Amino acid sequence: MTTESGAPALPMAGRREWIALAVLCFPTLLTTVDVSVLILALPRIAADLDMGVNAQLWSADIYGFMLAGFIVLMGTLGDRIGHKKVLLTGAAVFIVASAVAAYAGSTWVLLGARGLLGIAAATVMPSVLALISRMFPNPAQMGVAMGVWGTSIMLGVILGPVVGGLLLGWFWWGSIFLIGIPVMLLLLVLGPKLLPETANPEAGRLDVVSALISLAALLPFVYGLKEVARAGWAATPVALMVIGVAFAVLFVQRQRTLAVPMVDLGLFRIPAVGSTILLGLGFGFIMGGIGLVTTLYMQLVEGMTPVRVAVWMLIPSFAMIIGGNVGPLLARKIKPGWVLSGGLVIASVGTLIMTRVSLAGGLTTLIIGLVVMYLGASPVGTLANAVMMTNTPPEKAGAAGSLSSTGGELGVALGVALLGSAASAVYGNSITLPDGLPPEVAAPAGESIAAASAIAGTLPGPVGGQLLDAAQDAFTSALHGVTFLTTLVFLVLAAMLAIGLRRVQPLTGPPGMPHGDMPPAAEEPATPAPVRDPV
């Protein structure tokens with residue numbers, strides 16, 4: 001079967017492929033939910049497992065670090081042995097790790113289970129993208145399929161706080177991990193029958209060494225930076241940061257010398273691709289940090305239950321849906337760089353509004369700021385990937401997709417870690433502990449608002465109320481500090497996009513056609529050839 005021009009006609013997907021797409025959307029949604037769902041449960045987990053502030057931050061961000069560290073490796077492994085095998089193996093590991101995390105009796109067990117969950121989740125994104133590209137070779141159907149899949153990511157961002165709040169309102173904190181078990185069981189049951197094999201015998205070799213080097217660069221650096229934020233400059237954290245930088249340099253050098261690198265650094269030389277990958281990293285950084293401090297503020301300063309937090313967060317979530325759909329429509333008439341840059345400037349106004357949150361009537365100000373921020377920043381999730389893929393050479397589309405996913409996940413983890421540490425530092429420097437506070441509780445109360453809130457309820461007389469007031473006032477200052485920092489990051493990203501995407505034209509061409517300054521490759525004269533009917 002051929003087209004009128006004589007080119008081979010691409011096969012159309014049938015009912016089986018669309019059912020398979022629906023099955024693939026569920027684990028995608030789940031991995032997005034798992035990034036944010038723990039944040040709501042942190043106060044309860046900290047009290048139950050007697051966690052310090054550093055352990056709380058690690059329990060939240062170790063998932064994202066392991067996911068970001070292994071996602072490209074899992075994509076390469078899928079190219080070699082088949083993405084279907086990798087995805088189903090990851091689903092089985094995810095089930096086991098979820099059960100361990102749900103019933104963890106110590107901080108170390110929870111951290112280990114969360115790390116294993118991150119590795120298992122790293123199998124999802126590259127495998128799903130590869131499987132969708134195999135199941136929907138027709139460009140028109142591919143566009144619809146990617147839109148449906150992208151909606152599942154957006155729903156995960158929205159449903160994370162909602163599902164977490166509802167579960168915490170009815171069950172114990174471990175229930176937030178059990179939600180992944182039925183989803184992955186569904187994948188294990190239906191996946192073998194519905195999903196195609198995608199093994200590529202000519203794929204590059206599996207570079208485990210590069211993955212380990214990337215983790216050796218990331219984890220010591222972040223841990224050292226956290227310690228500096230918590231306790232000030234000291235020899236040990238500085239040494240760890242230096243070690244992390246050294247491994248990062250080694251990682252870059254290794255990628256330059258490998259014939260088939262784990263990370264194709266050449267993609268960053270394409271302005272539109274490099275800019276959107278860095279945008280994903282910066283945007284994830286902001287969303288991870290803002291998600292942490294705002295949910296803690298709503299629970300520990302405003303005294304809201306997780307269910308009420310979930311309900312209130314629906315308001316900015318609707319703004320995100322509106323902005324996420326309007327952005328691509330505007331990009332058909334206006335340069336995408338201007339749409340994205342303008343949206344980030346609007347988002348910076350939202351975070352600037354949040355710097356005005358006060359103890360009196362702070363919730364209204366906070367929600368208004370979140371609505372403005374979500375409205376302005378939401379086109380990033382839908383428009384940035386379209387810009388990147390239309391400006392990426394077809395033979396490097398998979399590598400670009402993996403880098404984009406890695407940047408976003410790494411950004412969320414870094415935002416939780418670094419902005420969470422910044423919030424802790426501001427809190428510790430701002431709190432004024434009341435006179436008469438027993439020395440044995442003064443140190444933990446001065447480190448985190450979660451500890452201060454728990455301690456305040458056990459103190460007799462007016463001391464408990466004074467401690468709670470001081471902690472809430474200090475954490476409000478911490479919220480101001482974090483939102484001011486994110487305002488600056490938003491403006492820097494807006495300027496970067498205005499420069500990096502200045503040559504990218506409105507997205508009006510057909511799928512796969514470059515829209516920037518990258519000229520399309522010259523076409524060879526096509527020799528009509530019969531194509532076997534896929535049925």
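Mentor: We may begin with a definition: the expected span of a helix is 1.5 Å times one less than its number of residues. The model before us is a predicted one.

Trainee: How far does helix α10 reach from its first C-alpha to its last?

Mentor: Helix α10 covers residues 235-257, which gives it 23 residues. At 1.5 Å a residue the expected span is 33 Å, and the reach of α10 is close to that, at 33 Å.

Trainee: Which residues of α10 are listed as buried?

Mentor: A residue counts as buried when its relative accessible area is under 20%. In α10 that description applies to P237, M241, G244, F251 and Q255.

Trainee: How many helices and how many strands does the chain have, and what percentage of its residues is buried?

Mentor: The secondary structure consists of 19 helices and 0 strands. The accessible surface amounts to about 23000 Å², with 69% of it belonging to carbon and sulfur atoms. Of the 535 residues in the chain, the buried share is 53%.

Trainee: Among contacts between residues at least 6 apart in sequence, what percentage joins residues at least 24 apart?

Mentor: Two pairs illustrate separation in sequence: L40 and I176 are 136 residues apart, yet their C-alpha atoms are 9.8 Å apart in space. Y63 and A113 are 50 residues apart in sequence, with 8.9 Å between their C-alpha atoms. For the chain, the share of such contacts that join residues at least 24 apart is 80%.

Trainee: Is L40 buried or exposed, and what of Y63?

Mentor: L40 belongs to helix α1, residues 15-49, and its relative accessibility is 2%. Y63 belongs to helix α2, residues 53-81, and has a relative accessible area of 1%. The cut-off for this class is under 20%, so L40 is buried and Y63 is buried.

Trainee: Why is α11 described as largely enclosed by the rest of the structure?

Mentor: Helix α11, residues 271-300, has 30 residues and reaches 43 Å, close to the 44 Å expected. It is largely enclosed because the number of its 30 residues that are buried is 26.

Trainee: Are α11 and α14 roughly parallel or roughly antiparallel to each other?

Mentor: The axes of α11 and α14 (residues 362-377) come within 12 Å and cross at roughly 160°, and the crossing is left-handed. Residues meeting there include F283, M287 and I290 in α11, and L363, L366 and L370 in α14. Angles over 145 degrees fall in one class, and α11 and α14 are therefore roughly antiparallel.

Trainee: What is the relation of α13 to α19, and at what angle do their axes cross?

Mentor: Helix α13 (residues 336-354) passes α19 in a left-handed crossing, and their axes come within 8 Å. Among the residues that meet are L344, S348 and T351 in α13, with T483, T487 and F490 in α19. The two helices are roughly antiparallel, and the crossing angle is roughly 165°.

Trainee: With which residues is T483 in contact, leaving aside neighbours within four places in sequence?

Mentor: T483 lies in α19, residues 463-500, and is buried, its relative accessible area being 0%. One of its partners, I290, is also among the α11 residues that meet α14. The contacts of T483 are I290, T351, M354 and T355.

Note on methods. Residues are numbered from 1 along each chain as its sequence is written. This is a predicted model: local features need pLDDT of at least 70, side-chain atom pairs count only at pLDDT 80 or more; totals for chains, interfaces and linings use all residues. Side-chain values use heavy atoms; hydrogens and water are left out. Helices (H or I, at least four residues) and strands (E, at least two) are DSSP runs, numbered from the N terminus. Buried means under 20% relative accessible area, exposed over 50%, partly exposed in between (1.4 Å probe, protein chains only). Contact means heavy atoms within 4.5 Å. Accessible areas come from the Shrake-Rupley method with a 1.4 Å probe; for residues, only the protein chains shown count as cover. Axes are lines fitted to C-alpha atoms, for helices over the stretch in contact, and angles run from 0 to 180 degrees between N-to-C directions. Angles under 35 degrees count as roughly parallel, over 145 as roughly antiparallel, 65 to 115 as roughly perpendicular and the rest as oblique. A crossing is left-handed if the near helix is turned anticlockwise from the far one by less than a right angle, and right-handed if clockwise.
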